[in-house]
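Here is a short briefing for a first look at this structure. It moves from charged pairs to the core, then to some individual residues.

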Amino acid sequence: MALEKKYEQALPVGFKLKGGSHVYTIEQVLGQGGFGITYKVKARLMAGNIAVTTHFAVKEFFPSSCWRNEGSTQMLYSPTTRNEMQACLKDFIAEGQRLQRICSINSNIVSVNEVFEANNTAYFVMEYLSGGDLRKIVRDNGGGLGEATMLGIITPVAGAIKCLHDHHMLHLDLKPENIVMRPSDDGGPYVPVLIDFGISVHFTSEGTPTTTRPSKGVTQGYSPMEQFAGVSSFDPRLDIYALSATCYFLLTGRDPKSAFEINAATIAADLHGRASQATIDNIVRGMSKDYNDRPATIEQFMRGFMAGAPLPQRGNATVQQAPAAPIAPAASSSPASQAAGIAHSETRVVNGGYVQQGHYHQGYTPGNVHSREPKRKSKRGLIISLSALATVVVLALAAWGVIALTSGNSKSKDNMGGDDTSLEYAIDNDDFKLLKKYAEMDSARAFYPLAVLYMDKENYDEALKWAFAALYSSDLSEAEQRKANKLLNRINDAINADTYYPSMAASEVAVDSVIDSVAVAP
């Protein structure tokens, strides 16, 4: 089969590409961009004594200014661009190696298996994803998705973006085509995976780019205005705009207009009736023309889906919030609940739909403690005397508490009492009540084990809440966050697959030979 003209520089079908670990036979050209060509390949692997053939996606560094002579596989370029090409090739190899490390931390980032050099250029080998990208998912579902479905997809994607940002990387090309579904090993719901790092940029801890190739790639409707001028500093708000635009697409089934044309009123009008007001407001904020009006971090953006969430701080400051202990949903929006001291709110999954939750500051009771006047004024003196006595007792207890806290036996929030009330005891003994108490005190190490216990109880909404809290806690290690990310995927698998991906029932999943190929775009 002859290649289309735009793929005329690609390696031919049937060519055997010798990597560091395996030999890859090219079956199909998946796509070509300004900096590379992506192929679908097959390789023969050994599983013990049994040979198994499987598929991969291989990305080749091949800028549009390069060429191959007829009958040759070597990448060629002008001598005048030699220094530039060598620098870009070095960036490409570093990108592949960086992704190889990061994908082991977050399973919602496309997996990279190996990076090698050949044919005067370089390649990295990725998993081949065949589950369809988000554009296909929306099309197969007849248009825009429901709010719960959208949030179910975007939440793990946001976790992947946070992982990139934590490693000083900007994706810079978030859009429906670059989020592809991975089939679950156990036949459960498909898992969204972030792909295509062709124009991503890595930065130093001071915020300056480490890559030498220019980053001026944009996608109309998904790139903010400032990205059209090029990216020279680390700013998560670039990716937040694109993720917000992707949310818009999932809800409406339509690509948003260019950042130069669209405005807040248009976005709100297009989303009206398709999502809750909190979600609409959050997407509008995320797509603000002025980057100062957008959430500064992915954590802030995800909290924006919670009704009553505070507006983001300007600049790059991160807002830390404790997870919520649930109360009645209506309380988070009523004036009475605000007067009673609502601390935070959060979104939970209940029967496939998202409902709003909030909680009171610990120890704060709504309403007036003294709801009635004393019946007889003659008791006022007695009441005053008793109040005075109570005050003395409280002061004495408070003084004793200060002494106890400052003594060698003081307890941190991870150790409220003796051995049988410590966080270590709660974790080791799966003490549900004690873990919940520590978690509500914002002790991060309690989040994951509490989520596991809720998962065992099949209370998936609470399990999601605490697993999500663990994933986004800055107090936990990367290893602990990896565990939380895996647990989130398990929880999503346990929730009815039809609720999240109604077109992907197990009986409808096509075999690899007949599904639409998904281009892991370069």
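## Salt bridges and core

Lys 42 and Glu 27 form a salt bridge, with 3.9 Å between the closest N and O atoms. Lys 42 sits in strand β3 (residues 36-47) and Glu 27 in strand β2 (residues 23-32), so the bridge ties together parts 15 residues apart in sequence. The model is predicted. A search of the whole structure finds 13 salt bridges.

**Charged pairs**

- Lys 42 is partly exposed, at 34% relative accessibility. Glu 27 is also partly exposed, with a relative accessible area of 29%.
- Asp 255 and Arg 135 meet through their side chains in a salt bridge of 2.8 Å, N to O. This pair links distant parts of the chain, 120 residues apart: Asp 255 is in the loop between α4 (237-252) and α5, and Arg 135 is in helix α2 (residues 134-140).
- Asp 255 counts as partly exposed at 38% relative accessibility. Arg 135 is partly exposed too, with a relative accessible area of 24%.
- A network of salt bridges links Arg 135, Glu 177 and Asp 255.
- Lys 136 forms a salt bridge with Asp 140, and their closest N and O atoms are 2.8 Å apart. Both residues lie in helix α2, four residues apart, which is about one turn of the helix. Asp 140 is partly exposed, with a relative accessible area of 41%.

**Nonpolar cores**

- In soluble globular proteins, nonpolar side chains tend to be buried together.
- The largest nonpolar core here has 115 residues. Ile 109, Leu 243 and Ile 283 touch the most other members.
- A second, separate core has seven residues, including Ile 199, Val 201, Val 231 and Leu 238.
- Beyond its neighbours within four places in sequence, Ile 109 is in contact with several residues, among them Leu 99, Ala 160, Arg 182 and Phe 197.

**Positive phi values**

- Most residues other than glycine have a negative phi.
- His 168 has a positive phi, near 60 degrees. His 168 is in the loop between α3 (147-166) and β7 (169-170), and is partly exposed, with a relative accessible area of 29%.
- Leu 172 has a positive phi of about 70 degrees, although it is not a glycine. Leu 172 is in the loop between β7 and β8 (179-182), and is buried, with a relative accessible area of 3%.

**Around Ser 276**

- Ser 276 lies in the loop between α5 (264-271) and α6 (277-286). Ser 276 counts as partly exposed, at 30% relative accessibility.
- The side chains of Ser 276 and Glu 147 are joined by a polar contact of 2.8 Å.
- Ser 276 and Met 306 are 30 residues apart in sequence, and 9.9 Å apart in space, C-alpha to C-alpha.

Conventions
Residues numbered from 1 in each chain as written. Predicted model: local features only at pLDDT ≥ 70, side-chain atom pairs only at ≥ 80, totals over all residues. Heavy atoms only, no water. Helix = DSSP H or I, 4+ residues; strand = E, 2+ residues; numbered from the N terminus. Buried < 20%, exposed > 50% of the residue type's maximum accessible area, 1.4 Å probe, protein only. Polar contact = N/O pair within 3.5 Å; in protein donor to acceptor, adjacent residues only side chain to side chain. Core = buried A, V, L, I, M, F, W, Y, C linked by side-chain atoms within 4.5 Å. Contact = heavy atoms within 4.5 Å. Salt bridge = Lys/Arg side-chain N within 4 Å of Asp/Glu carboxyl O.
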